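Work through the exercises below with the sequence and the 3D view open. Try each task before you read its solution.

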Amino acid sequence: MANFQWPIFNAFIKLRHPVKSIFSETSQIPFAAQVDEIVASTPVLDIHTHLYPPAFGELLLWGLDDLLTYHYLVAEIFRQVDVPYDRFWALTKTQQADLIWDGLFIQHSPVSEACRGILTSLQAFGLDVNKRDLPALRKWFAGRKVEQHLTQCMELGGVRKICMTNSPFDDQERAVWEKGFATDDRFVAALRIDPLIVAWPDAAARLAGWGYDVAKAASSEKTFREVRRFLEEWTKRMKPRYLMVSTPWDFKFPDDNAATRVIQKAILPHCREFGLPFGLMPGARRAVNPQLRLAGDGVARSDLTAIQNLCAQHPDNKFLVTALARENQHDLCVLARKFRNLHIFGCWWFTNIPYLIEEMTRMRVELLGLSFTAQHSDARVLDQIVYKWRHSRRIIARVLVEKYAALAQTGWQTTRAEVERDVKELFGGAFERFCAM
C-alpha cells in the first residue's frame with residue numbers, strides 16, 4: 001500500500017516540536033509517514049465478513065462480475081438508468097454487470113465509494129483501469145484460480161484471518177457443514193442465529209423438522225433446553241468465535257415476546273457456558289424497497305436501551321455491537337464507557353464510507369482510547385477486502401497521526417513500538433483480548 005503524508009500537518013508539528021520524528025530525534029522520516037507505514041503493514045483480523053473458504057463452492061463470491069453486481073451498485077444503477085426492476089432481474093449476472101459498468105463507470109464518473117472501491121481493487125491487481133476495457137478485465141479474471149485469488153486478496157488487503165458469517169438456517173451452507181470439508185486455518189466461524197430472535201415461529205418449525213422438541217410459544221423449559229441443544233451442536237461443529245444476530249431497528253430488550261425469552265433462557269446461558277460473546281447489529285430496516293431485493297434494505301435509528309439493558313442485566317455475558325445508523329454512534333460509545341462487557345467494532349454497511357469512518361474512528365478514540373476494533377470489512381465479495389482495508393487504513397492512520405501529535409504537544413513522545421502495539425489492538429488485538437476475558 002502506498003504511504004500517505006500530510007506535509008502541512010508535518011510542517012506544523014515541526015514548528016511546535018523541533019524533532020524530526022516522534023520515534024527518534026535522529027530519524028529523517030516524518031512521523032506521519034511512519035505511522036502510515038505501521039498502519040499499512042499491520043495484519044488485521046477481519047472480525048465480520050460474509051466470505052467463505054473455497055470448499056464452500058458457490059457461496060464464496062469473487063471476481064469482476066460479482067463485484068459489479070454487489071447490492072451497493074445495484075441500488076446505484078437504478079438511479080442512473082430507466083430499467084424496470086423485473087427486466088433487470090431477468091438479466092444474467094454478466095448482463096447486469098455490463099449494464100452497471102456502462103451506467104456507473106462509463107456514462108458517469110465512478111466517484112461513489114462502492115465504485116471507487118472496485119477500481120482500487122483492480123489497480124491493486126496490477127490492472128489498468130484507465131483503459132475502461134471491461135472485456136480485458138474479464139479475461140484477466142477468467143484466468144484466475146480461486147485459491148490463488150484468495151491468497152492474493154488477503155495479502156493485498158493485509159488480512160491475516162477472516163471471520164465468516166455462518167447460518168445453520170441457510171440450506172446451502174448447512175449442507176456443507178454437515179457433509180464436512182477441508183478446513184482452512186485462515187477462516188474462523190461466527191454462528192449466526194437471526195431466525196431464533198427475529199422470526200421465532202418460522203425458526204421453531206425448522207427446529208422441529210430437524211428433530212428438536214420445541215413449541216411455537218417459546219415458553220417452556222423443554223423448548224429452551226432444545227434450543228440450547230441446537231446451539232451446542234452447532235457450536236461444537238463450527239467452533240465459532242461468537243454468536244450473532246442482526247436485530248431490526250425497533251428491537252427491544254427486555255420485552256414480552258419470544259425473542260426476549262429465547263435470549264434470556266437459551267442464548268445467553270449458552271454463551272456463558274461456552275465463553276462466547278453475543279454479537280448484535282442493530283439498525284436495519286428491512287425491505288424498504290422489496291423490488292431491489294438484497295439492495296432494498298434501509299436504516300433507522302435504534303433505541304440502544306436494549307443494549308444497555310443486556311449489558312447491565314447480564315454482566316457475566318460479553319456483547320459485541322456495531323450499529324448501522326450514524327445517529328447511534330455517540331450513544332454506543334458512551335455505553336461502551338459504562339460497560340466493560342461491551343465491545344464495539346467497525347463501521348457497518350451504510351457507515352462504511354470515508355466521511356463516516358473518519359468521524360466514527362476519531363470519536364471512538366477520543367471516548368474509548370484503543371479499547372475497540374476499528375474496522376471490519378463486511379465483505380460479501382472476496383475482492384472487496386482489498387479496497388475496504390486499503391481505504392480504511394488511510395483514514396485510521398490519519399486519525400492516529402492527529403492523536404499522537406496532540407500527545408506530542410503535551411511532551412509525551414510516542415515510540416514506534418507503542419504505535420505498533422496500538423495498531424495491533426485496533427486491528428484485532430482488542431477483540432481477541434475481549435473474547436478471552
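The exercises cover confidence, the sheet, the pockets and the cavity.

**Exercise 1. Confidence**

Task: This is a predicted model. Find which residues have a pLDDT that stays under 50.

Solution: 
- Start with the whole protein. The average pLDDT is 94, and 94% of the residues score at least 70.
- Over residues 1-20, pLDDT stays under 50.
- Check what that stretch touches. The model gives residues 1-20 40 contacts beyond four places in sequence.
- Where pLDDT is low, the predicted coordinates should not be read in detail.

**Exercise 2. Bridges and partners**

Task: Find the residues that stand opposite aspartate 46, cysteine 163 and glycine 279.

Solution: 
- Take strand 1 (residues 44-46) and strand 2 (residues 159-163). They pair in parallel over 3 bridges. Isoleucine 162 in strand 2 faces aspartate 46.
- Move on to strand 3 (residues 187-192). Strand 2 runs parallel to strand 3, and 2 bridges join them. Cysteine 163 has valine 188 in strand 3 as its bridge partner.
- Go to strand 5 (residues 278-280) and strand 8 (residues 319-321). This parallel pair has 3 bridges. Opposite glycine 279 is leucine 320 in strand 8.

**Exercise 3. Two pockets**

Task: Describe the largest pocket by volume, lining and residue class.

Solution: 
- Begin with the volume. The largest pocket has about 980 Å³.
- List the lining. It holds 38 residues, and His50, Leu61, His71, Leu294 and Arg380 lie nearest the centre.
- Assign helices. Helix 4 (71-77), helix 6 (93-106), helix 10 (171-179) and helix 11 (194-198) each supply at least two lining residues. Helix 4 gives the most, with 3 residues.
- Sort by class. The lining has 16 nonpolar, 10 polar and 12 charged residues.
- Turn to the second largest pocket. Of its 19 lining residues, Tyr72, Glu76, Ala114, Trp349 and Phe350 are closest to the centre.
- Assign elements again. Helix 4, helix 7 (113-124) and helix 18 give two or more residues to this lining.
- Sort again. The second largest pocket has 10 nonpolar, 4 polar and 5 charged lining residues.

**Exercise 4. The cavity**

Task: How many cavities of 30 Å³ or more does the structure hold? Which residues line the largest cavity?

Solution: 
- Count first. There is 1 cavity of 30 Å³ or more.
- Give the volume. The largest cavity has about 40 Å³.
- Name the lining. It consists of Pro248, Trp249, Phe251, Pro282, Ser302, Asp303, Leu304, Ala306 and Ile307.
- Sort by class. The cavity lining has 7 nonpolar, 1 polar and 1 charged residues.

Note on methods: Residues are numbered from 1 along each chain as its sequence is written. This is a predicted model: local features need pLDDT of at least 70, side-chain atom pairs count only at pLDDT 80 or more; totals for chains, interfaces and linings use all residues. Side-chain values use heavy atoms; hydrogens and water are left out. Two strands pair if DSSP finds at least two bridges between them. Helices (H or I, at least four residues) and strands (E, at least two) are DSSP runs, numbered from the N terminus. On a 1 Å grid over the protein atoms alone, a cavity is a set of points where a 1.4 Å probe fits but cannot get out, and a pocket is an open set with protein on both sides within 12 Å along at least five of seven lines; lining residues have an atom within 4 Å of a point. Grid points are joined across faces, edges and corners, and a volume is the space filled by probe spheres set on the points. Ala, Val, Leu, Ile, Met, Phe, Trp, Tyr, Cys and Pro count as nonpolar, Asp, Glu, Lys and Arg as charged, and the others, Gly among them, as polar. pLDDT is the predictor's confidence in each residue, from 0 to 100. Contact means heavy atoms within 4.5 Å.
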